[in-house]
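Here's a quick walk through one protein model, meant to be read with the structure open beside you.

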Amino acid sequence: MSKYLAFVDFPDPDNFVLVLELAKKCGYVDVVLTGRPVDLSYAPSYPAHFYKDFNFAKFALNEEHDGQWFAKHTVNDKDTELVFIVNAIRLYKFLKQCEADVSKIRFFRAESVDLPLKFKHHMHKQEWKFDLEADDKELVNNLSWKTEDALPGEVVDADGNIIRSSHNRDKIADVLQSYIDKNEQPMMHDLKELSKHYDAFLVAGPFTDVETALNNGVNAGRIVAMAGAIRTGTIFSEGEARPNLFPDQFNIYADSDAAEAVFKHSNIPLMLIPTEATKTWGSNGNGFVFSAQAIEDSGPVVTKLFKEYYGNKLEGKFNVFDLVAGRYLLHGSKECTQPVESIYMDKQGRFVIKCPESKEYKYEDNEPLLVRTNPNDCVVIGNMYPTDTRITDSSVFELFTSKV
């Protein structure tokens, strides 16, 4: 039976379901959990001016907003640890409620917490409230981030929003600590306890700990990763929509140095699922998506997970990102793949996947540097199933052995 090592960035619902599917379909699974560097004093949502001031050509905030909202350089280590433990408990409870055999899953704590991001991803409100008791959820939902409610010393902006609130931070931290005190934590293993060989690495998060595993002598038959982009790392004609906020997809952008190091292990074949395979934006119209009906058909536990994360609403289609990599690892068809001719990196550290689907690029600076050429590499293009079969509705969760 195949043995897989998954690197998971939680708490997004697609990662929870990814681990569930691996647990249901495989014998034993090792899962490296990567948390997010957070500071709970920051406001839980991005204001309108964030999108207005974001330069999508350069993928950077204008300098005058550096240090505010999305672009901050400090991390609260205590908050980061708190959120990591909370999300580990949530995942563990979710798996048990879905009747996964948790005795066959080993959880590993990632060595990297403070990733070398150009910004820090602070928590969203929906991430705070998932699986909380009703009173705690109401408390979190009712926290005010408006200037008129600011206390002395709190940081506000010109648009009438609180940027940082130590008062709100303390309330959120108390709620999360209470959650930890009331729930069982999964046993966390050290990365030194990883097996020496796996049939595949499944990369559903930053590459930081993938590099660490390889450096420690852990090997794999192949690497399947939700990573990279065919279009977004380059410049095209004016007006063409870009299907991703990040130039390489978040898993690479979070630690591009580690991604480059992993790619240079050319003896391990790569299977890349680029961001275009998971979205239906712009020129890409065949991305892998979930419908609201598909989620509801999966049963009450998965439905609750998605509903709480998306504000108690299930409407339209949902992009599932990292789960697509897991789906391909377990059930993918070669009919929807193309060979990767080579992988380049431009002077801004953005990766370019060259394959038959690629367009002619207009580089912003000098020609990019060659990172990797391996005849066994391939990339998933659009839908991973036969040509006219689209993954929607109840077929999305048909791989579960039972309703959960």
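Is Asp131 buried or exposed? Asp131 is buried, at 14% relative accessibility. (Buried means under 20% relative accessible area, exposed over 50%, and partly exposed in between, using a 1.4 Å probe and protein chains only.)

## Ground rules

This is a predicted model, so local features need pLDDT of at least 70 and side-chain atom pairs count only at pLDDT 80 or more, while totals for chains, interfaces and linings use all residues. Residues are numbered from 1 along each chain as its sequence is written, and side-chain values use heavy atoms, with hydrogens and water left out.

## Two positive phi angles

Back to Asp131: its phi is near 70 degrees, a positive value in a residue other than glycine. Look for Asp131 in the loop between α4 (125-129) and α5 (134-141). Helices (H or I, at least four residues) and strands (E, at least two) are DSSP runs, numbered from the N terminus.

Phe321 is another non-glycine with a positive phi, about 40 degrees. Its spot is the loop between β15 (317-319) and α12 (322-331). Phe321 is partly exposed, with a relative accessible area of 27%.

## The sheet

Now find the open sheet of 9 strands, which has mixed pairing and runs in the order β8-β5-β2-β1-β10-β12-β13-β20-β16. The edge strands, β8 (188-189) and β16 (337-339), each pair on one side only. Two strands count as paired if DSSP finds at least two bridges between them. As a reminder, strands of a sheet pair through backbone hydrogen bonds, either parallel or antiparallel.

Start with strand β1 (residues 4-9). β1 pairs in the parallel sense with strand β2 (residues 29-34) over 6 bridges, and with β10 over 5 bridges, also parallel.

## Strand β10, covered on both faces

How many of the residues of β10 (200-204) are buried? The count is 5 of 5. Ala200, Leu202 and Ala204 are buried on one side, and Phe201 and Val203 are buried on the other. β10 also runs parallel to strand β12 (residues 223-226), joined by 3 bridges. Within that pairing, Phe201 stands opposite Ile223.

## Rings and charges

A search of the whole structure turns up 6 aromatic pairs. Rings of Phe, Tyr and Trp (its six-membered ring) pair if their centres lie within 6.5 Å; planes under 30 degrees apart count as stacked, over 60 as edge-to-face and the rest as tilted. One of the pairs is Phe7 with Phe201, edge-to-face at 5.6 Å centre to centre and 80 degrees between the planes. This pair links distant parts of the chain, with Phe7 in β1 and Phe201 in β10, 194 residues apart. Phe7 is buried at 1% relative accessibility, and Phe201 is buried at 0%. Phe16 and Phe94 make an edge-to-face pair too, at 5.6 Å and 65 degrees. Phe16 lies in helix α1 (residues 13-25) and Phe94 in helix α3 (residues 77-97), so the pair ties together parts 78 residues apart in sequence. Both Phe16 and Phe94 are buried. Ring pairs also link Phe7, Tyr198 and Phe201 into a cluster.

Two rings have a charge over the face. Arg90 lies over Tyr179, at 5.6 Å from the ring centre, and Lys104 lies over Tyr28, at 5.7 Å. (A charge sits over a ring if NZ of Lys or CZ of Arg is within 6 Å of the ring centre and within 35 degrees of the ring normal.)
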